[in-house]
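Please have your viewer open and follow along.

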Amino acid sequence: MGKESLLRWVAEKPLLTALLFAGMVVTAICLFRAAGYLQLSELTAHDLLLAATSRSESPEVPVVLVGVTEAEIQSLGQWPLTDAMLSEAIEQILAWQPRVLGVDIYRDQPVPPGAEKLEKLLATTPNLVMVHKLGTEMAPSILPPGVLQGTDRIGFSDMVVDPDGTVRRALLFLDDGQEVFASLSLQLALGYLQAEGIQPRAGDPDPSHIRLGETTIPPFEANDGAYVDADAAGYQFLLNYQDGRRPFRQFSLMEMADAGTAGAAIRDSVVILGVTADSVKDAFVTPFSHAGNGTQTMTGIALHGHIVSQLLRMALAGEQPLRSLADVYEILLIAMWGVLGALAAVYIKQLWYFTLVIAGGVAVIIALPYLALLQSWWLPLVPAMFAWILSAGVVMVLMRGQERSRRKQLMELFSRNVSADIAAEIWNQRVQFLEGGRLAAREVTATVLFSDLENFTPVSEQLGPTRLMEWLNHYMETMAGLVMQHHGIVDDYYGDAIMADFGVPLVSTSEAGISQDARNAVDCALAMRRVIEQLNQESRMQGLPPVRMRIGICTGHMVAGFLGNSQRMKYTTIGDTVNTAARLESYGKELPAMSAAEGACRILLGASTVAWLGDDYQLEAVGDLALKGKAAPVSVFKVLWKKNWTETCSSRR
């Protein structure tokens with residue numbers, strides 16, 4: 001399809017065009033999304049929304065972190081802690097009666113001294129959970145303390161890290177094909193919930209899912225949210241980080257001696273003992289790292305704290321896990337924005353208003369996922385925004401191209417035959433001239449003027465071809481200028497004859513407007529009379545015989561529109577009124593010689609025009625004439641002059 005054919009299609013079927021291109025844009029976006037090209041941008045947008053929806057103030061969270069700081073490692077002079085040091089730290093925490101204590105420090109091998117003491121402490125403390133690592137092919141596993149192997153008081157610390165290095169999901173279970181392992185975070189949450197009488201149960205409606213309290217946690221699937229073929233091994237769920245950047249009370253080992261502060265915070269809470277020193281490298285990138293905080297990371301114990309807190313909110317407060325729409329609904333949502341963007345481009349013509357609407361749409365597209373996230377729903381933001389902007393942009397470009405084509409077409413048809421202000425107004429009212437992208441015909445009430453030269457043959461014989469053409473061009477240019485000065489348009493040229501219309505293409509619908517059109521036509525004819533007299537004076541000076549002009553004017557109903565094909569088209573009027581004006585012009589040949597008042601130009605009016613003129617003109621009745629092609633006689637009048645005529649002042653609307 002060529003450019004012209006495409007623009008014609010757009011003009012004829014704008015809505016269908018909008019839907020077609022919106023569908024193409026949406027399809028392309030969905031294909032790109034399915035191929036994973038939008039995953040990173042979608043995940044980043046999701047991170048920003050998560051950070052924006054998280055709590056700005058530290059809530060009352062029953063999770064306390066105890067971290068070994070860099071300064072403490074330097075003070076102790078070694079890492080890892082010896083078994084004796086670890087035992088002392090554990091005993092100090094247990095003294096403040098936490099509901100459950102998790103130790104995020106590996107202890108697969110004894111670190112003397114104090115191995116026996118630590119082993120005994122681990123064996124006799126029922127609310128103590130130790131960490132281990134299942135590992136991967138790239139990272140070896142780390143076993144739990146031997147005394148706890150085979151018990152439910154161990155939990156793995158493995159995290160799911162996305163390709164961009166960010167942790168957005170948490171693991172509840174993993175298996176090696178023979179045994180199922182629980183995460184440290186899950187074990188700590190279950191230990192806390194045990195006192196609340198809450199145990200994990202079969203999910204509803206799917207019994208293969210885990211349920212805590214009244215909340216079922218469906219496992220993460222490989223294509224949930226913005227993910228494309230993600231690693232969904234084990235039992236994962238999406239983290240929402242609703243507790244904020246620093247929600248947990250945190251103490252160092254040295255601060256544990258403060259019974260007033262640490263003791264009150266630890267009592268009946270989940271305590272996670274680990275390390276916060278930078279040299280140990282137990283830190284993770286989270287969504288907060290992408291929310292204006294540079295490369296800020298989160299310690300492992302803080303990350304475990306977020307997972308535990310989210311599990312507790314699900315079990316105790318009924319908070320729903322973060323969910324995403326089914327694929328078909330996500331596609332429908334993206335398609336909706338694509339269609340809306342395309343429709344905006346079709347119906348909004350002003351560029352500034354269109355820009356404002358597009359900006360408003362972007363704001364809504366951002367606001368909806370934000371509000372949905374507060375209700376634990378993950379809506380597609382980036383593809384929806386692309387669909388909105390690209391559909392609107394593509395259709396707007398097409399509409400602008402089609403609009404430029406129509407403007408060019410209209411201006412080519414009108415600009416040389418009307419004044420500049422009328423040409424501009426024609427474009428402003430283009431809807432009246434175009435229907436479905438095609439130039440439309442209209443029934444109007446207007447005034448038509450025909451003029452022709454008489455006794456021009458002797459002049460043409462004396463001038464010769466070249467001078468004759470120069471004389472005619474000068475004559476036509478002068479007369480066409482008069483038509484435009486009096487707010488008419490030159491409809492056509494016939495040799496030395498001119499057809500002009502008054503009241504089109506800007507149609508007058510009021511009586512005052514129709515009257516003004518008729519007056520403009522008569523004023524134009526009187527101006528033509530004065531010009532032909534001036535031309536005759538110039539001709540006499542050149543030894544040329546004078547010429548005379550005949551003008552016929554008629555007002556009435558007619559059809560105004562475009563005739564021709566796409567390669568050659570003209571705006572014209574047709575109808576009985578037009579024929580009557582032509583007959584009035586030619587009828588002057590049979591009338592007596594022009595009077596002194598008429599000078600070198602006879603102006604004949606039909607009664608239908610006289611009815612609109614008022615009393616400003618000196619008229620003379622000719623009588624009821626039988627015009628060629630007319631069944632009934634037509635009352636005809638001559639125009640002699642205009643009362644209070646001033647040549648420099650012409651009637652204007």
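This is a predicted model: local features need pLDDT of at least 70, side-chain atom pairs count only at pLDDT 80 or more; totals for chains, interfaces and linings use all residues.

Helices (H or I, at least four residues) and strands (E, at least two) are DSSP runs, numbered from the N terminus. Residues are numbered from 1 along each chain as its sequence is written, and side-chain values use heavy atoms, with hydrogens and water left out.

Back to Pro 505: a cis peptide bond links Val 504 to this proline, with omega about 0 degrees. Another cis bond runs from Trp 79 to Pro 80, where omega is near 5 degrees. Pro 80 sits in the loop between α4 (70–76) and α5 (83–94). A loop also holds Lys 281, this one between β12 (270–275) and β13 (283–284). Its phi is positive, near 65 degrees, in a residue other than glycine. Why pick out such spots? Because most residues other than glycine have a negative phi, and most peptide bonds are trans.

Now for the helix pairs. Axes here are lines fitted to C-alpha atoms, for helices over the stretch in contact, and angles run from 0 to 180 degrees between N-to-C directions. Angles under 35 degrees count as roughly parallel, over 145 as roughly antiparallel, 65 to 115 as roughly perpendicular and the rest as oblique.

Helix α15 (residues 457–485) and α16 cross at roughly 155 degrees, and their axes come within 10 Å. That angle makes α15 roughly antiparallel to α16. Their contact (heavy atoms within 4.5 Å) includes Trp 471, His 474 and Tyr 475 of α15 and Cys 524, Ala 527 and Met 528 of α16. For the classes, Ala, Val, Leu, Ile, Met, Phe, Trp, Tyr, Cys and Pro count as nonpolar, Asp, Glu, Lys and Arg as charged, and the others, Gly among them, as polar. The contact of α15 with α16 then divides into 11 nonpolar, three polar and no charged residues.

Helix α10 (residues 327–347) packs with α11 at about 165 degrees, the axes being 10 Å apart. That makes α10 roughly antiparallel to α11. Trp 337, Ala 344 and Ala 345 are the α10 side of this contact, while the α11 side includes Phe 354 and Val 357.

α11 also packs with α3, at an angle of about 60 degrees and with axes 10 Å apart. That makes α3 oblique to α11. In this contact, His 46 and Leu 49 are among the α3 residues, and Pro 369 and Leu 373 are among those of α11. The residues comprise eight nonpolar, two polar and no charged.

Where does α3 turn up again? In the lining of the largest cavity, to which α3 (39–53), α11 (351–374) and β16 (377–378) each supply at least two residues. A cavity is a set of points on a 1 Å grid over the protein atoms alone where a 1.4 Å probe fits but cannot get out, and lining residues have an atom within 4 Å of a point. A search of the whole structure finds one cavity of 30 Å³ or more. The largest cavity has a volume of about 80 Å³, a volume being the space filled by probe spheres set on the points, which are joined across faces, edges and corners. Its lining includes His 46, Leu 49, Pro 369 and Leu 373. α3 gives the largest share, four residues. By class, the lining has 10 nonpolar, one polar and one charged residues.

Definitions and conventions
On a 1 Å grid over the protein atoms alone, a cavity is a set of points where a 1.4 Å probe fits but cannot get out, and a pocket is an open set with protein on both sides within 12 Å along at least five of seven lines; lining residues have an atom within 4 Å of a point.
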